[in-house]
Amino acid sequence: MDQSSVLLKAKIKKIATVGAFILGALCVAFVIVFPFIWMVPSAWKGRTDIWSIPPKWFPSVWEWSNFSVLTEPDINGGSFFRSFGVTFFVGVVATALNLAINMLAAYGFARHEFWGKKIIWPLFLFTMFVPGITVQITSIQVVTKLHLINTLLVLILPTAANAYNIFFFRQFFLGIPDSLEEAAELDGAGRIQIFLRVFLPLSVTPMIITGVGCFIGHWNSYIWPTLAITERQEELRQVMQFVYMLSTSDVREYGKVIAATLITIACPLIVFSIFQKKIVAGITLSGLK
Amino acid sequence: MEKELIQFHRDADKKRKKFVYRNALWGYLFILPAMIFLVTFSFTPLFMSFVRSFQDFQGTFVGFNNFKFILQTPTFIKSIGNVLILSAAVVILQTLFSFLMAHLILKLPPKVGNAIKIAIYIPNMMSGVITSVIFNLFLRYNRGFFDSLMLHFNMDPIYFAQDGIWPFICIIVPTLWLGFGYNTILMLSGRLSIPKEYYEAAKIDGAGAFRAMMSITIPNMSNYFILMLVNLITGNLQMLEIPMFITGGGPNESTITPCMYLFQSFNDVMRDRNITIAGSFLVMIPITLLNVIAFTCIRSKRSEDS
């Protein structure tokens, strides 16, 4: 056999191997996103269409009312889009507050030496190792005493300080070189100005990573709102509670449930698609700590 | 961008003294807001639950009675066994699958690999509620995607949430689906952190692929494995929403989990809340211990490395 045909064979073999790997990976990815692919046309299916035998991929009649009913108030007096709006508002406000509080605390820990720091820092960290349910069930008593229960604030304040985020920002701040601060200090900048002019502009990426996590965390929360919102549900109900209620209230209206689910997951998906590169980099970082 | 960030984090632990302000009142001021929130919404509840787990509903001190009571509640005991089985299955399968998937992605051309990474990461953004709603569409008895396929092919429909081993699978599969992308990316970054020269040296020494995996890949990724295993174990021991909404704890309480039991008994006004709180303390102890040990272990290894 001459040399060129050996090379050709090796090349074909290489292409075939890579092709097999690509095919395998595509199969895995397809299985994982299949539920979403199936849900998209199903959101327009009517009562008889959805579980028809044989199963249909596309609806026989496109039922737009599955979406329009979501704008109307349901039997409990709340509407889906109201829950959507309230949850969005809570998510945005809570994320802004979360970033402000935790970045300041991280700056405090990264650049200041003060009495008791060696005790306070581990105590802060300890809170991130405690399971949610343990804190949440007694927090109810605290928020009741503070008259926060059944208000918007109960959804925002308890998660405002987050030890994990403080830790994340502190690690990042510790890596910022001194020379930048030196220059700012020579210009006569004080502590707060140094924070605003040196640290804040450098922190855009960690802010996106933490901010997206915080927003999606609020968007997805179900247990805490269920514990803390016992009255005024029609005003304060969160989007996850609404989707859950809808899915259990009328089992025949699955087209409607799918429509509501799709609109609900669109929010984190849009956020993710904007910032996906930084979020994936953020996972890499969590392995480095 | 990614590389710069990683460099920042690598430098972070190196000793640095120059720009640290000593005895600064400012330090207290900066951490004050966070401190107020943590004291109000973390330490006060924790302290109160500690106190209340030794009291009866009228506030009299009862010693360890609440703990004794909860440990004699058959459902709670059963829930501990259930969560151990479910977690073991999820932890083992998730570690295996994500490790293999990371190696598969490594073999792909970079652009395809990135697209696959993003596709499998999408479920990670779903909540327990959404995951359950989606999987219930597939698993519902007699209706549902799978059963309508079965009926179409003239087979008996399966009651996934109730029959035989199916309830466990109905919880394990959605849980794996939810975390698969995140763990795969974590494993992938762990594998990429190992210098290529190690593998080249092994090849020269005549080591095969399996040998290279056992003596290079796995030991060098130990930090990533610890991180992933601890996250998976502590996360799954707190399993709550998926079993609650898919099987509802059934059949015969065989899929009820401790957190689900606590959540439900807390919402049940007929039950003594202090007993529930004592139960939540019992759940907290192993999880917190595991977390603290792993965190200290990873931190001290890292400072050795640098």
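Me: Does Phe245(B) count as buried or exposed?
Reply: This is a predicted model in which local features need pLDDT of at least 70 and side-chain atom pairs count only at pLDDT 80 or more, while totals for chains, interfaces and linings use all residues. Residues are numbered from 1 along each chain as its sequence is written, with chains lettered from A and ligands numbered from 1 in the order in which they are written. A residue is buried if 20 or more other C-beta atoms, placed from the backbone, lie within 10 Å of its own, exposed if 12 or fewer, and partly exposed in between. Because 22 C-beta neighbours lie inside 10 Å, Phe245(B) counts as buried.

Me: Which residues does Phe245(B) touch, not counting residues up to four places away in sequence?
Reply: Phe245(B) belongs to helix 12 (residues 241-246) of chain B, helices being DSSP runs of H or I with at least four residues, numbered from the N terminus. Contact requires C-beta atoms, placed from the backbone, within 7 Å. On that basis, the residues touched are Val129(B) and Ser132(B).

Me: How are helix 1 of chain A and helix 4 of chain B oriented to each other?
Reply: Their axes, lines fitted to C-alpha atoms over the stretch in contact, lie 9 Å apart at an angle of about 135 degrees, on a scale from 0 to 180 degrees between N-to-C directions. Angles under 35 degrees count as roughly parallel, over 145 as roughly antiparallel, 65 to 115 as roughly perpendicular and the rest as oblique. The two helices are therefore oblique.

How values were computed:
Contact = placed C-beta atoms within 7 Å.
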